[in-house]
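These are my notebook entries on a single structure. I looked up its charged pairs and then its nonpolar core.

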Amino acid sequence: MQGDGSLKINEEPVTWDRLSPRLEEVFKERAQRIAFIRGEAPVEFATVARVVDVMRQLDLSVGLLTPKLEQSR
């Protein structure tokens, strides 16, 4: 998620109406159905919650990445 409210999946821009279908495409063949959310500051909690809701509807496990977590990887 970007600070301006836009979304990306694997660095590719995606619109809200294409979020669910695109996630389905990405995870169709994957054995592990884990999606990570990374947001630029500031991102409103309501936006994060909306994305999590879409992911949960697709039966994806959801993780949140923070800059500190990414540095430790």
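**Salt bridges**

I counted 3 salt bridges in the structure, a salt bridge being a side-chain nitrogen of Lys or Arg within 4 Å of a carboxyl oxygen of Asp or Glu. The model is predicted, so local features need pLDDT of at least 70 and side-chain atom pairs count only at pLDDT 80 or more, while totals for chains, interfaces and linings use all residues. Residues are numbered from 1 along each chain as its sequence is written, and side-chain values use heavy atoms, with hydrogens and water left out.

I looked up Arg 38 and found it paired with Glu 11, the closest N and O atoms being 2.9 Å apart. I took helices (H or I, at least four residues) and strands (E, at least two) as DSSP runs, numbered from the N terminus. For accessibility I used relative accessible area: buried is under 20%, exposed over 50%, and partly exposed in between (1.4 Å probe, protein chains only). Arg 38 is partly exposed at 40%, whereas Glu 11 is exposed at 54%.

I next examined Glu 25, which is partly exposed at 45%. Its side chain meets that of Arg 18 in a salt bridge of 3.1 Å, N to O. Glu 25 also forms a salt bridge with Arg 22, with 3.2 Å between the closest N and O atoms. Arg 22 and Glu 25 both lie in helix H1, 3 residues apart, about one turn of the helix. Through shared partners, salt bridges join Arg 18, Arg 22 and Glu 25 into one network. I recorded Arg 18 as partly exposed at 36% and Arg 22 as partly exposed at 22%.

**Nonpolar core**

I defined a nonpolar core as a set of buried Ala, Val, Leu, Ile, Met, Phe, Trp, Tyr and Cys residues joined through side-chain atoms within 4.5 Å. The largest has 16 residues, of which Leu 19, Leu 23, Val 51 and Met 55 touch the most other members. Strand S1 (7-9), helix H1 (16-27), strand S3 (34-38) and helix H2 (45-57) each give two or more residues to this core.

Which residues is Val 51 in contact with, leaving aside its neighbours within four places in sequence? I found Met 1, Leu 7, Trp 16, Leu 19 and Ile 37, contact meaning heavy atoms within 4.5 Å.
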